[in-house]
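Please open the structure in a viewer and keep the selection panel at hand. The stops below are meant to be followed in order.

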Amino acid sequence: MRILIIEDDRAVADYIRNGFREAGIVADCAYDGKDGLHLATSQTYDLLIVDRMLPEMDGISLIKTLRGSGHTLPVLILSALGEIDDRVMGLRSGGDDYLVKPFAFAELLARAEVLARRKTNPQASQTVLKIADLEMDMLARKVTRAGKPVELQTREFRLLEYLVRNKGQVVTRTMLLENVWDYHFDPQTNVIDVHISRLRGKINAGHKIQLIRTVRGAGYIIED
Amino acid sequence: MALLFTTLLGLSVGILFYFGYYFAQNGQGLPNQEVMLWLTALGIAFMVLVILTSFAISTFVVGRTGHIAAIAKSIMDTGDLSQRISVDSRWDDLGYMAETLNQLLARIEELMHGVKNVSDNIAHDLRTPLTRLRNNLEILQKSAHPDTSALCESMVGEADRLLATFSALLRITYIETGRQRHKFLNTPLNALIRDVLEMYEPVAEEKGIKISAQLDNSACHGDRDLLFQAFVNLLDNAIKFTPAGGMIQITLDDKNVSIADSGPGVDMADREKIFERFYRAESSRNTDGNGLGLALVAAVVKLHGASITVADARPGLRVTIAFRDA
């Protein structure tokens, strides 16, 4: 995986690049909009991380130009503003995800990995999702574990679906809130943890292998 | 009072004149009865004029002071310091008083604004260095000795809480600017509240708290994410303060959303203050939270032109948000 970071604050850019390096991901940096656009169009990347406020050319114009010339690579927008209005505007301009500064690197890493692999994710259009001995029938909306049916409520089903669709990748609590509950808000308590522990209780009951692992300081992961 | 006073005064002087006239008619040695008669009639006419004038003046004064009192009360009730007393006349003392009071209000508003601006600027400007500090701590944690690693982790957590407080503060300010009003949509309140319930019921259940809901079909004009956040904050509070085995009741009745818990409630004296930023009641100092949850609720309620009231649920606290027709 190769990532391009377009960010004018060098401290932030370096922090992100070092973080990715430690995770074994190659990352290049551009410090203004023009350089960024030039690099993005002349080289191949799996993901673009773009700050909204950039010298020479702002992030939104950069994404619009890129989309206008037919580039489909995933783009994650970074922003210091972060109200929902800005989020909507950022996503409308062609961004695929939006993250508000300041953020924890674990959050950025989780989102970057999910975005970069979205294109190559074979599970995207499947009607039956599988993980270990668990199967999700997306048409009948039924779940079985080792052939035995598991009763899930609608939200639990969506929660499991999001985890399974992104199997092998860490998903953060905020990602779950945004994608499973579809509300942008600050949950005050560890409400996601409670839902995850309920879901675990239902799918793991009577099984030796425990699915859905907690990744400390980051979120959750479901693995084969 | 003033009206009664002037009327009585007029009446008594009128009666006095009448007696004067009576004695003049029956008395002796008075030169000209016709002159006396005219004088008395003139006196009575003059008195009527005095009564009418004083009536007009007192009506005017009562009206003006009533207006000043109404504005003062409205400022106290809504906390909206941008209101001003209308000045219709500049020649009288009351007009002068209204002008002075307006200048006083302008000064208070300026000071309040200054205090808020300072805290927002601090929050805004400290976020960047704090983030850098947090990130460096995180890097340090990775290479740290197991003993110091736990310490690093708790420091990262502390920095995260500080950052979250700053974000919450800035968010309240952003909501108060009212810029989100242009994207208000018709929002069914029952579906929204059901989503909040679905999300928090497991949390309540873990604490052994039962939630009952009675919802009608009313809707309001608003921002679904902000309304969701407001209801989440209220329900989260209710769960936090309700003891294990308690009850929470949620009702939606004709655009009135009410959340009642069976916790310890809030003292009468504190009820006004719970919506202030960073305010925490003495009894809740030891619970989690940054003291901004209800301030955010108040900001969202105000943005929607709704009103929020706090009452005793016997036992517990009942918070009611009343939305108006769009």
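Is Cys29(A) buried or exposed? Select Cys29(A) in this predicted model: with a relative accessibility of 14%, Cys29(A) falls under the 20% cut-off and therefore counts as buried. Next select Cys220(B), which is also buried, at a relative accessible area of 3%. Over all chains, the number of disulfides is zero.

Now colour chain A by its domain assignment: domain 1 covers 2-118 and domain 2 covers 122-221. Their centres, taken over C-alpha atoms, are 28 Å apart. At the boundary, 10 residues of domain 1 of chain A touch 12 residues of domain 2 of chain A. The two domains bury about 890 Å² between them, with 55% of that area on carbon and sulfur atoms. Select Arg87(A), Arg111(A) and Val114(A), which supply 45% of the area that domain 1 of chain A buries against domain 2 of chain A.

Finally, turn to the largest nonpolar core, of 89 residues, where Leu160(A), Tyr200(B) and Phe231(B) have the most contacts inside it. Helix H6 (residues 224-241) of chain B gives the most to this core, 10 residues. Select Tyr200(B) to see its contacts beyond four places in sequence, including Phe185(A), Pro187(A), Val232(B) and Leu235(B).

Key. Residues numbered from 1 in each chain as written. Chains lettered and ligands numbered in written order. Predicted model: local features only at pLDDT ≥ 70, side-chain atom pairs only at ≥ 80, totals over all residues. Heavy atoms only, no water. Disulfide = S-S within 2.5 Å. Buried < 20%, exposed > 50% of the residue type's maximum accessible area, 1.4 Å probe, protein only. Core = buried A, V, L, I, M, F, W, Y, C linked by side-chain atoms within 4.5 Å. Helix = DSSP H or I, 4+ residues; strand = E, 2+ residues; numbered from the N terminus. Contact = heavy atoms within 4.5 Å. Domains from an automatic or database assignment. Buried area = accessible area lost by both parts, 1.4 Å probe.
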